[in-house]
Every structure is written in C-alpha cells, then in structure tokens.
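Q: Could you take a close look at the helix packing in this one? I'd like to know who touches whom, at what angles, and with what kinds of residues.

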Amino acid sequence: MADTLASLRSLMASHSPPLDALVVPSEDYHQSEYVSDRDKRREFVSGFTGSAGLALITMKEARLWTDGRYYLQATQQLSDEWKLMRMTEDPPVDTWMTDNFPKDAAIGIDPWCVSVDTAQRWEHAFLKKQQKLVQTSTNLVDAVWKNRPPAEIAPVTVHPLEFAGLSVAEKLKNLREKLLSEKARGIIITALDEVAWLYNIRGNDVAYCPVVHAFAIVTTNSAFLYVDKRKMSIEVKSHLEENGIEVRDYVAVSSDAGLLASNELDSSFVVKGTVNEQSKDMEINSGGNATEDSKSEEEGSDNDLIWVDPASCCYAVFSKLNSDNVLLQRSPLALAKALKNPVELDGLKKAHIRDGAAVVQYLVWLDKQMQEIYGASGYFLEGESINGNKQLKTMKLTEVSASDKLESFRASKENFRGLSFPTISSVGPNAAIIHYSPQAETCAELDPDSIYLFDSGAQYLDGTTDITRTVHFGKPSSHEKACYTAVLKGHIALGNSRFPNGTSGHALDILARVPLWKNGLDYRHGTGHGIGSYLNVHEGPHLISFRPHARNVSLQASMTVTDEPGYYEDGNFGIRLENVLIVNEANTKFNFGDKGYLSFEHITWTPYQNKLIDTSLLTPEEIDWLNTYHARCGEILAPYLDESEKSWLKKAIEPLSA
C-alpha cells in the first residue's frame, strides 16, 4: 500500500500541472454502484472493499470518505496510512478540500470516473480560493496498478420479450416522445442498467449485475449502442438491427458525443418508430399537409437540446458537448424502468416464490446442521448448546460454507442465473458490520449461541431478489429479543402503511424507525431501495431513506421497494429483516383531496423466527399480521418443498398468541 501511494505521488508531482491531490472514486465510466474487478481502483489504492467510498491522496496524507454502512468495516480494513472520514459526521470532501488546500491548488480527477453533478459541485466549491479541478488525460491509478485484471469478453444476450414485457420498439417510441416533450433532439444514456433495459439486452460484465459495459445514444431518428463488438453474437446483432440500433465501438462514444453536439451524428439506417417515419405516416394520413410542420418540429432550433443525466453521465462525455445546449436532468429511463410492467411484476412474484422456497430449504438444512454438529437447541427450542455430536467434531460450518449451501439451493431453481450481490453471511459481532463480506480464509465459524444474519439474493431471468433474515439456534438474550422485536415492529409498520399519491420514501422512512427510537436505538442505512427485473439489485430513482435526496421522487404504483430496518451493536450482534414490496393502488374508504392512495404488497415469502419475538411487545394487530403472513408462506411455498421441509415450515409458522 505504501509503495502504491509513493508511486501515485511521484506521478502527481510530475504531472503538468503538478497535482496537490488526486481523487480516486469508487465508480467506473458509468457511475455504477457495483463495478468490475478492473474498475476497483479505490479498493486497490486503499484496501477498503466496501461498495461506496471516495479516496483522496495528497502529498502527505490519504483520506477515505464512506457512509454509515461501512464505518466499522473501514476501521478494520484501512492501514495506518489512511484516515477515515465519516460522511454526515465529518466535512464533505469538497468542503474539506476547499478548507485545507492552498489557493490555486490543483486537484486531479479522471473525468471518466466522475459525474457531471460531482465535477460541477466541486468546481463551484473551488471558486472560493481559485483552486482548479484538473482532468487527467489518463487514469494515474491504472499506471501504477501492475496486476490490474484484464477486461473480460463476456457475451451479450437478448432478454426475451416473455420476460421483458415491453418491446424495444415501444421503449424507443416512449423515449422519443419524452425527447420531443423536453425539446431535445438526442440523449446520451450512460447508466449500464438503463442501456440494458432500453435495448432488452443483458450481459455479464459486472459480477452480480447482468449488464453490459456500453453506452447508448438515441436521437429522434436514430439509435446507437457503443460496446466491444467481440461480445456480440449473430443473434444479438440481428436483434439490434431489427430495432434500428447501430452498433459502434465502445470508445467511439466520445467522438460521437461531439458529432451529436454539432448535429453531425448520422446513422446508416432509419427504421419504423422514428420521428422521420412518424412524419411520413402523418403526411400520408393528412394528405401531405403535415410535411412542413413535422420538418420544422424535427429540425427547428427549439428542439436542439442534448439530454444527459448529471448523476450518471461522466464529465469526459459531457465535456464534448456545448453546455448551453445540454438538458441536465434525470434520465427519463430511470422512472420508466422503475415502473414495472405487468409481465415484469408477474415474473418478480414468481421469482420470489422460488427464492423463498430456497431460503426455507436452507433454514431447514442449517437447523439440522447446527443441532448435529454443535448440539444447538435449534430453530424452535431455546437452550444452551451441548457441545455437539462427538462423532462429527471434525466438521464445522463457516459463514462462507453456509452461504455456499444457500447458493446451491437457489441454483436448483428455474431461471437461476447467479447471485444478485455477495451474500452477507454473518455471525455475532460480524453481523454488526452492515455490509459484511465474509472471506473463506478469515471468516468466522457459526456459533449456536450467537445471532446469525444473512442478507442474500439471486438473479433469475424473470426477476431479481433480495431478502434478509436474522436467526438464533440457541438461547437468545432478552435484550436480543427486544431488539429483534423492535426491528420487526418497524418492518411491519412500514409494510402495512397507506399513503397518498405524491408521498416520497423520505416521508415514510420514519415509520420503520419509531419502534427503535422509543428505546433510543437506530440504524445508519436507508430503509428501502428499488429492485430490478433481472437487473441491478439496487435500483432508483426512488428510495425509502432519511437522506434528503429520497424526497426527489414520489412512490408510484407498480414500483418495487425493499423494507429493511435493522439494529447493530458493534462487537455484539446485528439484526436486519428485509422483504421486497410492490407499490399498489389502495382501496381506501375515503379519498381526501382526490389524490388516490397507495399501499404495499409483500412478495417475499420466508417466515420470521418466532423464538426471537417478544410477543409482549407486539400489538394484537401486529400479531394478526404475522400469523396471516406466516399462513401465506405455508400456502405459497408448500408445493416447492419435500415432506420433511413442509413439516419444518409448518412448525415455523405456528400462530403466535399475545
């Protein structure tokens, strides 16, 4: 690590102009949350493996900013050369740089790895002391990363209409209507999941996310995909050509952005669904009177904007455009993708049923193993462990071997394509690390006398899943039960809420926290995120969170969102419960203000552990809800289980009484 920092500082000193600091963000060229191994530059320089964070290297020190999910993990992983900066507690990175760097300081960035939003915010902050944001022509980290993983040539696949539910032609038509309504003649699409969704393609370029490293440009008359052509099969090429999409080299997006800005970006063909074709149809249907009107609408100066999403478009691409003619606004595809169509909703529900069966099978297996190997009292009974079966004393379960078994149950299910994120399989103190990632060499052995938290999910062709359950195979303390029950109460309160149209996830976040707040407890992460349809497990633009940007998008019918409050005691245990919900229109007795009301539908099916629930802390309504939910688990999952698994599930869902 010291050698890496020294090498970077040498490059910073020899750079023209010399750099006072170098920013190393977590993101790739598409501002992705999860990135490929070769794009994990921040992890390489710092040793911190969390998915969110930013490294700042100066000539004398190195600092890492990250959020509350990762404070404990970062403390454990950072060497003495690094200082941890806690977001929301310490000054933001731009404020810190402005206050701590001298006048005229030069701060280097790779403009491909920094968003327009971020770059412009920093430039504005730097005006105070005439500091400069310097775009490096190459990535300095890549220059010192001797064993950087190579780019993998993973094949692109077509996502069939039977799972996508909406054709590429329909999606392009809707997008072009959005362009016209915003007086834009083109859009540059940079977010990987938006490119995949729009063109109904999937890939394997990023672990756990079925996306392709690609850009897209769509104009009123043309569509382009920028991708490594070695990934393209004949089937994929035909699929794209049939939809009027021209394939160009990945690196050509930079020059084509410049051509788009000067209105010189030409496609080799025009197909149905473009404005030109619609204009011809109008001419035929109106006897020729629409020609001049449509032409002026097409080519007039009023429609001269280029749309880019400032949060996902990198500064390098933006710099190719004329800033006076750029529409900086959230991509219209973000909301279109979040509003699931009926086929996607049906697929998500089916995927979650199969996934729930896999999780129950895992719990049945794990319960048996904990009793046989460790002498645990098990999932249902409370008691101290009795040191296990002597004949099996050479066997042991670890966080990794247990999570591997969970993956094997999922892999046996129809349409399985892999995990949707690295499984969080965590025992005791490790469960207090919110985004803990166990490693085979260092992970803990399972402990019958400690809480076990597992947060996991899968990618299926018909949907993406994400579920968290917390269990105990011994005798939980009264404090652990009280904390588990407080988390459960918040989970139920949010899932059962009804709210008017126009309500954001920021307004609802408090519902999951109130039961914890009553006891002076809380958690440092958001409460819910959208989830993709065989796409990214974390999907915006909406979320349920205390963070201010959760106010930006209201929840709408047909969105998906998770419900996942938690509580974490450093050094002791962690608790989290998570289901995926669908937002539906609610049938309320009244309709104040004619707004219309919304509610949630649970589509995750796995029981909560009755043994960890202190029923004296639950209301009769909460007990009724739990009993109803558990009964539904029994009905829905039984067809996917064998007789012994059904017997275990029947016991797990026995009704609670006050």
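A: A quick definition to start: a crossing is left-handed if the near helix is turned anticlockwise from the far one by less than a right angle, and right-handed if clockwise. By that rule, α16 passes α17 in a right-handed crossing. This is a predicted model, where local features need pLDDT of at least 70 and side-chain atom pairs count only at pLDDT 80 or more, though totals for chains, interfaces and linings use all residues. Residues are numbered from 1 along each chain as its sequence is written, and side-chain values use heavy atoms, leaving out hydrogens and water.

As for confidence, the pLDDT (the predictor's confidence in each residue, from 0 to 100) averages 93 over the protein, with 94% of the residues at 70 or above. Residues 278-300 fall below 50, and this stretch has 15 contacts in the model beyond near neighbours in sequence. Where pLDDT is low, the predicted coordinates should not be read in detail.

Back to α16 (residues 342-374) and α17 (residues 399-411): their axes come within 8 Å and cross at roughly 140 degrees. Helices here are DSSP runs of H or I, at least four residues long, and strands are runs of E, at least two, numbered from the N terminus. Axes are lines fitted to C-alpha atoms, for helices over the stretch in contact, with angles from 0 to 180 degrees between N-to-C directions. α16 and α17 are therefore oblique to each other, given that under 35 degrees is roughly parallel, over 145 roughly antiparallel, 65 to 115 roughly perpendicular and the rest oblique. From α16, Asp-355, Ala-358, Val-359, Gln-361, Tyr-362 and Trp-365 meet Ala-402, Ser-403, Lys-405, Leu-406, Phe-409 and Arg-410 of α17. By class that gives seven nonpolar, two polar and three charged residues (nonpolar is Ala, Val, Leu, Ile, Met, Phe, Trp, Tyr, Cys and Pro; charged is Asp, Glu, Lys and Arg; the others, Gly among them, are polar).

Now for α18, which has two partners to look at. With α19 (residues 505-517), α18 (residues 478-495) packs at about 155 degrees, the axes 7 Å apart, which makes the pair roughly antiparallel. Their crossing is right-handed. On the α18 side, the contact (heavy atoms within 4.5 Å) takes in Ala-486, Val-487, Lys-489, Gly-490, Ala-493 and Leu-494, and on the α19 side Leu-508, Leu-511, Ala-512, Pro-515 and Leu-516. Sorted by class, there are nine nonpolar residues, one polar and one charged.

The other partner is α20 (residues 620-637), which packs against α18 at about 80 degrees with the axes 11 Å apart, so these two are roughly perpendicular. Leu-488, Lys-489 and Ile-492 of α18 touch Glu-622, Trp-625 and Leu-626 of α20, a contact of four nonpolar, no polar and two charged residues.
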